[in-house]
Amino acid sequence: MTRPIVLIAEELSPATLAALGPDFEVKNVDGTDRTALLNQIVDASAILVRSATQVDAEVFSAAKKLKVVARAGVGLDNVDVAAATQAGVMVVNAPTSNIVSAAELAVGLLISLARHIPAAHASLVGGEWKRSKFNGIEIADKTLGVIGFGRIGMLVAQRLSAFGVSILAYDPYVQPARAAQLGVRVVSLEELLQESDFITVHLPKTADTVNLIGEKEFEMMKDTALLINAARGGIVNEAALYEALKSNKIAGAGLDVYAKEPCTDSPLFTLPNVVVTPHLGASTDEAQEKAGIAVARSVRLALAGELVPDAVNVQGGVIADLVKPLLPLAEALGQIAACLTSKAIERIDVEYVGEAHQSDISVLEISALKGVFTNLVHDPVSYVNAPVLAKDRGVASKVSLVHEETDHRTLVRIVLTLTDGDQVLVAGTVTAPNDKMKIVQIDQFEVDAPIATHMAFFKYHDRPGVVAILGRILGDAEINIAGMQVSREAAGAHAMVALTLDSAVSVEIAEQISSEIDGHTGRVVSFIS
């Protein structure tokens, strides 16, 4: 059996390869060599990159089998996420891999500025002993302003609190009560800029944060303020920063990131009150190893067709243990529901009944969409592009928690509303001890059928001899019946038969069965359960 190809486009830690395991054929390419990259990406199922490889629409166009792009780091400036989503390619990163390293670097830049460590080092190794030239300031008893109180900002605050500083934070999305638990006071940006002795930036780069700190903001700062940016270039306007530093409007700046990278020539580099590093936030052995291992695990999940918590272009997050076995169930039910109709779908409702009332069940919607569209479109359907396919086709979808009595521990119900107003309903559950999936309802019919690789469903008027017809036709086609469930409204009324089979049923055979039993509906479905 041919193993999926995983393309390594940049140098990654040995632990990354170990985490991938033996199930893949690993190939290496220089991601900065455009021609080589486009040639190698054709047969790759996954590509692992850091920051130098540009993964854009041209790459996705050349990639015929690509399912996942993994960035061994946090930022995704070199990956066109929108193009990936349109192509049905999952994008994953390692959002927590470098948070400790980035926080420690920010602290290091601040201490370096406060005590003139880089300049003093250069002076001493240059043969000078000028202690008075490098008189610094203490961090203790000062006010620290943290712009962006996410994971890294919080780590910086925790570490610098040991120095005896008062801490202010600006973050429109942080809960003041949560910050207060850490001894941090949430304030407006203006108040933070006016009161802080040290200001450290820890925001993502977005349309709202580009040039967030500019000329007006520097005017609000103390003349003695030190500014640290180890987050993203462009959040601090570099031209305004240069003027503020040159005119001593602020006392100093520590920078690890720049508006355009790599940056080897900047007016900021000529100033004595600046400490700079070449984007070293994630450049520790520990961070690189954490990032590589994290994305390798994500690649394994993605190529196994599972949802990936660190995917950035699908609904991610931690999936509760009670919800995990419902993901393949929702996908299978969606595929079955779509096979039970030949009409256009207007709306897909995913309903959950059961014990996971405190869990996030929104991921069930993506699974159901993937199942519904698997047999409805020619393109490969993934967890990434399934919502896009629904949107492009004007199909609305919703997941909801339904409080009602049920005989099952958990129940997932898929309801398709068709353009003519009709509905198709399929419900199922998972059973202990191995989370076996089964169907418990199709439209108005109660059934109890395990979900198998090959299934067939027929609706007809209940009468004697139908089972014999089924057995004869399938037997003549050498298709073995593994299981059969018959449900009916009443004797002589509408009935439904659900079959699990050892091999696939062709459309021709399904039509023959429907014709001989005078069936209203004859549908078959084959998938990997």
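Student: Is H279 buried or exposed, or partly exposed?
Tutor: H279 is partly exposed, with a relative accessible area of 32%. Buried means under 20% relative accessible area, exposed over 50%, and partly exposed in between (1.4 Å probe, protein chains only). Before we go on, this is a predicted model: local features need pLDDT of at least 70, side-chain atom pairs count only at pLDDT 80 or more, and totals for chains, interfaces and linings use all residues. Residues are numbered from 1 along each chain as its sequence is written, and side-chain values use heavy atoms, with hydrogens and water left out.

Student: Thanks! What is phi for H279?
Tutor: Phi is positive there, about 50°, although H279 is not a glycine. Most residues other than glycine have a negative phi, and most peptide bonds are trans.

Student: And where does H279 sit?
Tutor: In the loop between strand 12 and helix 12 (285-303). Helices (H or I, at least four residues) and strands (E, at least two) are DSSP runs, numbered from the N terminus.

Student: What about D443, buried or exposed?
Tutor: D443 counts as buried, at 14% relative accessibility. Its phi is also positive, near 50°, and D443 lies in the loop between strand 17 and strand 18 (445-450).

Student: New topic: which residues does the cis peptide bond with omega of about 0° join?
Tutor: That one joins E261 and P262. P262 is in the loop between strand 11 (252-255) and strand 12 (274-276).
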